[in-house]
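Here are a few notes to read with the structure open beside you.

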Amino acid sequence: MPLLNRNLISLFPFNSNTFVANYSSKPNLYPVKVGIPEFLNGIGNGVETYAEKLESEFGDLQNLLVARSMKLKKLNVGGDPKVCKHRKLILKYAHKYRLGLWRPRIEPPKANK
C-alpha cells in the first residue's frame with residue numbers, strides 16, 4: 001500500500017505555487033518609469049542634488065547606468081573628498097539596478113493626524 005501511495009504522489013506533484021493568488025493587497029510602491037531624478041531620490045543621502053547636472057549630461061537613465069567613475073568625476077559628482085561617497089553610491093545602486101536587485105521606491109502618502 002505505501003508503494004501505491006508513493007506512485008500516486010509522484011504522478012500528481014504538489015506545487016505550493018499553484019494555489020497562490022496572483023494579486024496583492026499592498027499598493028505598488030515602485031514607479032513604473034524610472035528617470036534620473038527618481039533614481040537619485042531613491043538612493044537618498046544627498047545624491048539627489050546632482051539630478052539636474054546628470055540629467056543634462058546623460059539624458060536618460062540607461063546612459064547613467066553605463067557611466068564609469070571617471071566620467072562622473074569629470075562632471076564633479078562627488079568631486080569633493082568629503083562627499084566622494086556620492087559617486088560610489090551612484091555606481092553601487094546603478095549596478096544593483098542593472099541586475100534587478102534594487103528599484104527606487106515611491107514614498108507612501110503620509111497620513112495626516
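1. Let us begin at the end of a helix. Just after helix 3, Gly59 has a positive phi of about 90°. Please keep in mind throughout that this is a predicted model.

2. Which residues of helix 3 are buried? They are Ala51, Leu54 and Phe58. Seen down the axis of helix 3, these buried residues fall within an arc of 75°, so they line one face of the helix. In general, an α-helix has 3.6 residues a turn, so residues three or four places apart point the same way. On the other side of helix 3, Glu52 and Ser56 are exposed. The buried residues of helix 3 pack against helix 2, helix 4, helix 5 and helix 6.

3. Stepping back to the whole chain, you will find six helices and zero strands. From the N terminus on, the order of elements reads α-α-α-α-α-α. Of the 113 residues in the protein chain, 27% count as buried. The protein chain exposes about 9100 Å², and carbon and sulfur atoms supply 56% of that area. Among contacts between residues at least 6 apart in sequence, 56% join residues at least 24 apart.

4. Now for the nonpolar core. The largest one holds 23 residues, and within it Phe39, Leu40, Leu54 and Leu64 touch the most other members. Two or more residues each come from helix 2 (36-43), helix 3 (51-58), helix 4 (61-65) and helix 6 (85-99). Helix 6 gives the largest share of this core, five residues. As a general point, nonpolar side chains in soluble globular proteins tend to be buried together.

5. What does Phe39 contact, leaving aside its neighbours within four places in sequence? Its partners are Val34, Leu61, Leu64, Leu65, Ile90, Tyr93, Ala94, Tyr97, Trp102 and Pro104. Two of these, Leu64 and Phe39 itself, you have already met: Leu64 is, like Phe39, among the core residues that touch the most other members.

6. How many salt bridges does a search of the whole structure find? The search finds one. It joins Lys71 to Glu57, with the closest N and O atoms 3.3 Å apart. The pair links distant parts of the chain: Lys71 lies in helix 5 (residues 69-74) and Glu57 in helix 3, 14 residues apart. Lys71 is partly exposed, with a relative accessible area of 37%, and Glu57 also counts as partly exposed, at 39%.

7. His86 deserves a look of its own. His86 sits in helix 6. Is His86 buried or exposed? At 8% relative accessibility, His86 counts as buried. Beyond its neighbours within four places in sequence, His86 is in contact with Asn45, Gly46, Val47, Tyr50 and Gly78. The side chain of His86 reaches the backbone oxygen of Asn45 at 3.1 Å. For Tyr50, 36 residues away along the chain, the C-alpha atom is separated from that of His86 by 9.3 Å.

8. Arg87 is found in helix 6 as well. With a relative accessible area of 11%, Arg87 is buried; the cut-off for that label is under 20%. Again leaving aside neighbours within four places in sequence, Arg87 is in contact with Ser69, Leu72, Lys73, Val77, Gly78 and Gly79.

9. Finally, a word on backbone angles. Most residues other than glycine have a negative phi. Asn45, which is not a glycine, has a positive phi of about 60°. Asn45 belongs to the loop between helix 2 and helix 3, and is exposed, with a relative accessible area of 54%. Asn76 is another residue other than glycine with a positive phi, near 65°. Asn76 lies in the loop between helix 5 and helix 6, and at 46% relative accessibility counts as partly exposed.

Terms used. Residues are numbered from 1 along each chain as its sequence is written. This is a predicted model: local features need pLDDT of at least 70, side-chain atom pairs count only at pLDDT 80 or more; totals for chains, interfaces and linings use all residues. Side-chain values use heavy atoms; hydrogens and water are left out. A nonpolar core is a set of buried Ala, Val, Leu, Ile, Met, Phe, Trp, Tyr and Cys residues joined through side-chain atoms within 4.5 Å. Buried means under 20% relative accessible area, exposed over 50%, partly exposed in between (1.4 Å probe, protein chains only). Helices (H or I, at least four residues) and strands (E, at least two) are DSSP runs, numbered from the N terminus. Contact means heavy atoms within 4.5 Å. A salt bridge is a side-chain nitrogen of Lys or Arg within 4 Å of a carboxyl oxygen of Asp or Glu. A polar contact is a pair of N or O atoms within 3.5 Å; within protein, one must be able to donate a hydrogen and the other to accept it, and residues adjacent in sequence count only if both atoms are side-chain atoms. Accessible areas come from the Shrake-Rupley method with a 1.4 Å probe; for residues, only the protein chains shown count as cover. The arc is that of the directions from the helix axis to the C-beta atoms.
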